[in-house]
Amino acid sequence: MKKPAFLVSMLALAATILPPVLFLAGQLEAAPMKGVMLASALIWFVAWPVANREES
Amino acid sequence: MAMEVSMEEAAQAVQAGEEFERRPVPEEAQRGNKSFWGMYAGEHTAGTEFMIGPLFVAYGVAFGDLILGLLLGNLAAVLTWRYLTANIATRLRVTLYYKLEKICGRRLVTIYNLANGLLFCFLAGAMVTVSATAVGVPFPGVAMPALNDTMPTGFSWCLIVLVIGAVMTFVAMKGYGLVSKVGHLAAPWMFLIFVACGLVTLPKLESLEVAKILTGTPLGNNPKIGFWGVFFFAWFCNGAMHLGMSDLSILRFAKKPSAGWAPAAGMYLGHFVAWICAALLYSLQLQRYGEDASVAPGPMVFEAVGWAGLICVVIAGWTTANPTIYRAGLAFQGIMPKVSRTTTTLLAGLVCTVAGLFPAFAMKLLDFVGIYVLILAPVGAIIVVDVFLAKRLGLVSDPAEKFRSSFNVAALVAWIAPAAIGFWAVKHFAMPLPTYVTLPVYVLSGLLYIVLSKLWQAKAVA
């Protein structure tokens, strides 16, 4: 569970910074950029704690 | 007095999660350098960064001064942590409070705790204000504070601040473990939000000419600062932690003094990248709306990156405020040991929430941080003298402990007098920020402690 969660959280981080880069490059409009960033934020806050959960 | 600890006792203490508040951290509890890098990176990418970057713009900092001032000022801060704080921390392995008690006496530490606790409350209040600017965005009736606002802006504003303050206080009363965890979890993501804010601002600027991004013209009644203003602020904004030795409490767990390089993560990710990105946000606001542009972080970040940005501002303000309220509660409990931590934390939360109603602490954050450091940093000079110079100068180290005194008068005067002179100098010479006098005050504090200790210790021995 931890490895997939780690992968998902890293993808969420990428999805946090990639949309602004695309916006800067003129390849993405503001509204979809903000939408992707919100979705990636929610995914990050679910996946990262799972990825960092200590083994009991 | 430091107790010798057997290895078995040390191992048991480590297992039990002891904090070693009144004895040196044993080898078993010490940690490698890696654990400090993440902590410092997260701690310095926080709510304050959303205010400080824009305030540099408001104080008329030019682009070149900002870059060079931050590069060199943050370097100076890291070197201070590495070669002063970390050296003492790994040598003594005790908390700041314990060492101060041995030098200054319990009653003087009580005064320090009071000052520390109150200042923590006001700092936390500024962060409640930051979070409130984000929570208020979806509600059109909320009047966001402007750059020169010092008083509450209206009923809706007050209501939001009171609710946020109450929630933060409640969580702090429970122990700030969860919030600390959220802060650490959010740190990598928060940093990227800061960077995103900078990136999305660039194409919206009227021009990419640096002189048009940061015009160098101060706004409102703010004084102008240049390279030295930025340099001294970047160096001394955490002066209470490095010069003031508050980070003894953290770095005492480091295996080696080289852990003192770890703050570089916080300085260059938070106090360089995040400050510049936040400054760009405000520059865009000024280009669009002129001098009446709001400096409130919530609306700026929402306009840049939407709801993800609002979440970031709320978390950034909250994860700074909550541990600060908790620490203020501990500081107050040090003064009133018979009162429970829960009650003292409630008291701290009340002070913090009331402070949060007044945008002054956030809008004047550069000045407030300078005052904070001016009050707390000088005790670090006393510790430096005690650790490195006492023996050479024929002074007794840990004099309050050795002479069984609860009040080291020499330490009190060496702490208060230079700070008072510093405040006077800032006013008299109309210095733009209190951080201009941090270093001279610190040095004077150390020198005064040497001179006064010679007199006080001679009297104590006689």
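Axes here are lines fitted to C-alpha atoms, for helices over the stretch in contact, with angles from 0 to 180 degrees between N-to-C directions.

## Basis

This is a predicted model, in which local features need pLDDT of at least 70 and side-chain atom pairs count only at pLDDT 80 or more, while totals for chains, interfaces and linings use all residues. Residues are numbered from 1 along each chain as its sequence is written, chains are lettered from A in the order in which they are written, and side-chain values use heavy atoms, without hydrogens and water.

## Helix pair

Helix 2 (residues 30-51) of chain A and helix 14 (residues 307-335) of chain B have axes that come within 7 Å and cross at roughly 45 degrees. Helix 2 of chain A is therefore oblique to helix 14 of chain B (under 35 degrees is roughly parallel, over 145 roughly antiparallel, 65 to 115 roughly perpendicular, the rest oblique). Helices are DSSP runs of H or I with at least four residues, numbered from the N terminus.

From helix 2 of chain A, Met37(A), Leu38(A), Ala41(A) and Phe45(A) meet Trp307(B), Ala308(B), Ile311(B) and Ile315(B) of helix 14 of chain B, contact being heavy atoms within 4.5 Å.

## Chain interface

In total, 17 residues of chain A contact 22 residues of chain B. The two chains bury about 1600 Å² between them, 86% of it on carbon and sulfur atoms; buried area is the accessible area (1.4 Å probe) lost on being put together, summed over both parts. On the chain A side, Leu24(A), Lys34(A) and Phe45(A) lose the most area to chain B, together 29% of what that side buries.

Key
Helices (H or I, at least four residues) and strands (E, at least two) are DSSP runs, numbered from the N terminus.
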